[in-house]
Amino acid sequence: MSFAFVSDHLALDFAATMAWRTTRRTELLAEPHDFVRWAVEAGVVDELDAVARADLAEARALREAIYRLALSAVEGGPSDGEDIALVRQAAAHPPVRLALQAVGRVERRGGVREVLATLGTSASDLLGGPERLLIRQCTAAPCTRLFLDRSRAGTRRWCSKRSCGSRINSAAYRRRTREDLPT
């Protein structure tokens, strides 16, 4: 399973590791090595030692809290205090450490705790600041991905033009061409 990084924010990309939430839920962090792979591919750390099942459960719980809080920001609903506490607890630990190796090259070091702290800090910054107003949910059913709408007009509808946007545009084109065919 491959990961997509189209949300324009680390915390929202992490929340997207549960795909298709309302239809065919797909757990992209099925095994501990999936979390290792995601953390490296997301650029949180350069490498991550083995992750225990308990660490994976903690990561999933944080992910779900981030998703629910971001969704409440989209919908304008109340935030769950337990979710806020979970994000705050993750962010309370030291984040991933950066070590400059050369101009243009930095090394990202840390273990599971530091990765979770970085994710908690990222979510705190997003959800506690003005960018929370830019969070949108993809309108391409059945996608449930959240993303930041940084478009000039603030009217972006899809998480990704290449995946969801292309699928919607192709379907609309097929509908139009079918309607234009003589019967």
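The side chains of Asp-149 and Ser-151 are joined by a polar contact of 2.6 Å. A polar contact is a pair of N or O atoms within 3.5 Å; within protein, one must be able to donate a hydrogen and the other to accept it, and residues adjacent in sequence count only if both atoms are side-chain atoms. This is a predicted model: local features need pLDDT of at least 70, side-chain atom pairs count only at pLDDT 80 or more, and totals for chains, interfaces and linings use all residues. Residues are numbered from 1 along each chain as its sequence is written, and side-chain values use heavy atoms, with hydrogens and water left out.

Asp-149 sits in the loop between strand 6 (146-148) and helix 6 (161-180). Helices (H or I, at least four residues) and strands (E, at least two) are DSSP runs, numbered from the N terminus. A polar atom of the Asp-149 side chain lies 3.0 Å from the backbone nitrogen of Arg-156. Beyond neighbours within four places in sequence, Asp-149 touches Leu-134, Arg-136, Gly-154, Thr-155 and Arg-156; contact means heavy atoms within 4.5 Å.

The disulfide count is zero, with a disulfide taken as a pair of cysteine sulfur atoms within 2.5 Å. For Cys-143, the nearest cysteine sulfur is that of Cys-164, 3.7 Å away. The Cys-164 sulfur has its closest cysteine sulfur in Cys-159, at 3.6 Å, too far for a bond.
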